[in-house]
Each structure stands twice: as structure tokens, then as C-alpha cells.
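My entries follow the display.

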Amino acid sequence: MAEHDNTNDVSVAEPSKLSDLLERGWKIFEEVDSTNEPLASNSIQVRIKRGITMLEEASSMVALLDLFSRNEELEEIATADLKYLLLPALLGALTMKQTGRDKRLEVVRTARGHFMDFLKRCKEYNMCDFELPHLTNENETPDEASENGSSSPTVRPKLCPSDLVCMAAQRQAKIERYRQRKELEARLSDVRKAVDSGQADDEVSRDFYNLNAKRWVTVCLEEMESIDQEMEILQQMDGLKQGVPKQLAQPVRPPMKPFILTKDAVQARVFGDGYPSLPTMTVDDWYEQHRLRGAMPDQGIPRRGDVEEATDANEREEQDKEKNAENDDEESLFKARNWDEWKDSHRRGYGNRHNMG
């Protein structure tokens, strides 16, 4: 009898510390989830690790106290113990907020394990109607896989991207989960006011924790889909890093030796270098030779004969003008006088009506 009383005293004394750990860890998660600071900052990561430590300690205490059993129904759980169902979900959510590329694969695997534990417990208590995600752990035995629900008929098979029917069903399931989540959050906001005020009775408190658990079911399902995609990418990246061999430095190649384009040396002696003839002078020599002979083609340089002809024509024209002026040619004088009179009586441009409108 004394031993029984001692056990009751322990069970009564422990929940106060247990509830304190849960509330503090839950509060840290809400603060980190709503903060505007970057998750990679040192202060946020320290708070995340502190919250994970608290929730892990609370989970260990729940396991020692054996608060939950597969043989009982949801209605048999005490209202004060319902909130401890959320421990794995909160642990997984805080774990996912850890940063660091080196251990990212380990982090997402740990978070997935916490989410799966929460979903399995909710499935055992028939908290709501949902299907457990498929397992990604290849090392699990068939018994463990059956225990986790991966081989049961209710497990959703891995979708094939080419199957439009499965893709449409997946999209519809996401829309339905999103709608349920919004409805649960709206109901939670109303119930939370009564719980925070301290005026909630046992029924309101029980409804509050049930709604929280159902909301976290939708959150965990979405998170696990994202985790599966991220794990696939991380595993591929690790495989690429391990499979890429280190590139060896290529040795410096010696310079290539000149070679003959003929088949062999004998053919080269017979046919020569393969050209009709070898050059006997440079281009500059050829140009100078043709320039001295005056046989350069017309490329902007006037030829000597054309220059002499143009000079003779200009000289003859000047001589003709001088002769006409000396002889006072009547016809020329008549034209000059008429032109002078025309300019005196007509202004410049007279009679030009072009482009004047």
C-alpha cells in the first residue's frame, strides 16, 4: 500500500515538471516560427537547440510514465495528458528549423522520424482519417515496415509522375488538407481565447488539444512530402560528391615537331613540296619592280600617261581663252554683255519655282 502511494506521489509530482517542459518548448517554437530574424543567426539556433533539449527530455519522461497505450481509446486519455501527444510533432518542427549543410540529411531524417511517430500515434487513436506516408528507410525489416503501416492497404503508393490520375488525386488531397487546416485554425483561434483566459472547463480544454492534434496531422503530412523530396535531392548530391574522382593534373605536352604533308620522303623528293612552284621574290620586291617600270594598276595612284594628257588639255584651254580675249571675239563679247544685263535686271534665283509651293 505504501509502495502504491509512493508511485502515485511520483506520478503527481512529475506532471508539473513535464508540463513546464512542454509549455516552454512549445513557446520557443512559436517564437521562432513567428520571428523576423534569420533562422541561421546564432541566437535563433541556440534557442532552437534549447527547445529541442526540453522537448526531448519531456518525451523521455512521457515514455517512462507510459502515458499512452495502443490498447486504449482516445476517450480514455485524461484531458491533462492529451497535450503530450503533440511532443513528437513539436520536436520534428523544431528540428526542421536547424540549419547547416553538412548535417542536413541527418536533420531531415530525424525530423521525419518524429513526424512519423506523431502520425502513427494519431492513427492508433483514430484521431482523424488520413493515410500514413510511405517509408524511405531501406534498412527496416518487413516486420518494422508492417508495424509502421507501410505495407498496409491504406498506405499511399509512391506516385508515378506520368500517371495523370495519381497526380490529380495528389493535388486534390493537398487542396483538401489545406482547407481542413484553415478550418481547424479558425476554430482554434476561438477556443484559444478561452484557454488562455483560464476560464476553460475540461470539455473546452479537451477540444483545444484535439484540434491542435488534428491541425498538426495536416502540417506533418505536408512536411513529410517536402522532406521526401529534399532527402532525394540530398542523397543524389552525396552520390555525386562521392562518385566524382579527383581530376589529375595533365602533364605538359611537348611541342609538336614539323612534318611533311607528303606520304614519305621519297615522294617529297620526286614531287617537291607539293606546290606548283616556289616563290622567287617577295611582294615588296614585285611592287617596287612594277613601280619603277610604271606598270602599276590603277589603285588610287594616277598613271604617268594620264597625268600628262590632263596637263596638256588644261594648257590648251587656257591658251584658247587668252587668244579669244586678245582677238576680242564678237560672239564671246556679245554673250558676256547679255549675261551682265540679265544679272542686273533679275535677282539671283529668278525663275526657279522648284520646291516653292
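I counted 12 helices and 0 strands in the chain; helices are DSSP runs of H or I with at least four residues, strands runs of E with at least two, numbered from the N terminus. The model is predicted, so I kept in mind that local features need pLDDT of at least 70 and side-chain atom pairs pLDDT 80 or more, while totals for chains, interfaces and linings use all residues. Residues are numbered from 1 along each chain as its sequence is written, and side-chain values use heavy atoms, without hydrogens and water.

Of the 357 residues, 26% count as buried (under 20% relative accessible area, 1.4 Å probe, protein chains only).

Next I looked up R215, which lies in helix α8, residues 202-243. I noted R215 as buried because its relative accessibility is 19%. Its side chain makes a polar contact of 3.4 Å with that of E185 (N or O atoms within 3.5 Å, one able to donate a hydrogen and the other to accept it; residues adjacent in sequence count only if both atoms are side-chain atoms). Leaving out residues up to four places away in sequence, R215 touches R181, L184, E185 and L188 (heavy atoms within 4.5 Å).

Last, I turned to the lining of the second largest pocket. α7 (164-197) and α8 each supply at least two of its residues, and α7 gives the largest share, 7 residues.

Key:
Buried < 20%, exposed > 50% of the residue type's maximum accessible area, 1.4 Å probe, protein only.
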